[in-house]
Amino acid sequence: EDAIRWYRRASGFRLGGFGLATTSESLFRLAWLLAVTGEYAEAEAMMRRALEQGEATEQGVVHLSNLIAAQGRMDEAERVVREWIAGHGAGELSVSEVAKLMARQRGVGPAEAYLRESVLAYPELHGLSAGVIRAMLGAGRVAQAEALARALVERRPEDGALLAQRGALLMQVYPPGDARFGEGVT
């Protein structure tokens, strides 16, 4: 609360402070402090102002989505991130955020389907594809995990990260001596 007071005092006149200007960075910090104290509506307003004032980032949009969701407006939270993806392209944070919101609203099935579709549409999101494959393996869905790994390599056959993911999967699920284990090693 003390930090909030100091940030407000140091902010520009438009926010009631005595400073000459308010930077987007200070607005992000003030939004975070407000969220910590449970002032989600005011934190959301600061976050929106920060995103409008500075260069909007994927992480900033995901933080805004979190603030909106904390106020129970799940559809709007999801829409904000989907609009970001439509305008700027998918990133691991934004796709994960949409999937998380979908799971909370509509269940795991639709969220998982969205993740699979996104990974196939954006195979360059290596961390996301690795996470989806690991989750499938953890759920005992080996055939689906293998099919996804193979489909990703099919889309980008020269992508070393995707080749490594497929190889690691094959060596993990098949015993040495099996042709698929050898394929994984190769």
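Me: Where is A145 placed?
Reply: A145 lies in helix α9, which covers residues 142–155. Keep in mind that this is a predicted model.

Me: Buried or exposed, that A145?
Reply: A145 has 0% relative accessibility, so it counts as buried.

Me: Which residues does A145 contact, leaving aside its neighbours within four places in sequence?
Reply: With those set aside, A145 is in contact with I133, M136, L137 and L169.

Me: And how many residues apart in sequence are A145 and I133?
Reply: They are 12 residues apart in sequence, and their C-alpha atoms are 5.1 Å apart in space.

Me: New topic: helix α5. How many residues has α5?
Reply: Helix α5 has 15 residues, running over 74–88. From its first C-alpha to its last, α5 reaches 21 Å, close to the 21 Å expected at 1.5 Å a residue.

Me: What comes just after α5?
Reply: Just after α5 you will find G89, with a positive phi of about 95°.

Me: How do the axes of α5 and α6 cross?
Reply: The axis of α5 and that of α6 (residues 92–106) come within 9 Å and cross at roughly 155°. Angles over 145 degrees count as roughly antiparallel, and that is therefore how α5 and α6 run relative to each other. The crossing of α5 past α6 is left-handed.

Me: Which residues meet there, in α5 and α6?
Reply: On the α5 side they are M74, D75, A77, E78, V81, R82, W84 and I85. In α6 their partners are S94, V95, E97, V98, L101, M102, R104, Q105 and R106. By type, the residues of this contact divide into 9 nonpolar, 2 polar and 6 charged.

Me: Which residues of α5 are buried?
Reply: Those are M74, E76, A77, E78, V80, V81, W84 and I85.

Me: What do the buried residues of α5 pack against?
Reply: They pack against α3 (40–53), α4 (58–70), α6 and α7 (108–121).

Me: Let's pick a residue in α4, say S65. Is it buried or exposed?
Reply: S65 counts as buried because its relative accessibility is 0%.

Me: And which residues does S65 touch?
Reply: Not counting residues up to four places away in sequence, S65 touches A77, V81, E97 and L101.

Definitions and conventions. Residues are numbered from 1 along each chain as its sequence is written. This is a predicted model: local features need pLDDT of at least 70, side-chain atom pairs count only at pLDDT 80 or more; totals for chains, interfaces and linings use all residues. Side-chain values use heavy atoms; hydrogens and water are left out. Axes are lines fitted to C-alpha atoms, for helices over the stretch in contact, and angles run from 0 to 180 degrees between N-to-C directions. Helices (H or I, at least four residues) and strands (E, at least two) are DSSP runs, numbered from the N terminus. Angles under 35 degrees count as roughly parallel, over 145 as roughly antiparallel, 65 to 115 as roughly perpendicular and the rest as oblique. A crossing is left-handed if the near helix is turned anticlockwise from the far one by less than a right angle, and right-handed if clockwise. Contact means heavy atoms within 4.5 Å. Ala, Val, Leu, Ile, Met, Phe, Trp, Tyr, Cys and Pro count as nonpolar, Asp, Glu, Lys and Arg as charged, and the others, Gly among them, as polar. The expected span of a helix is 1.5 Å times one less than its number of residues. Buried means under 20% relative accessible area, exposed over 50%, partly exposed in between (1.4 Å probe, protein chains only).
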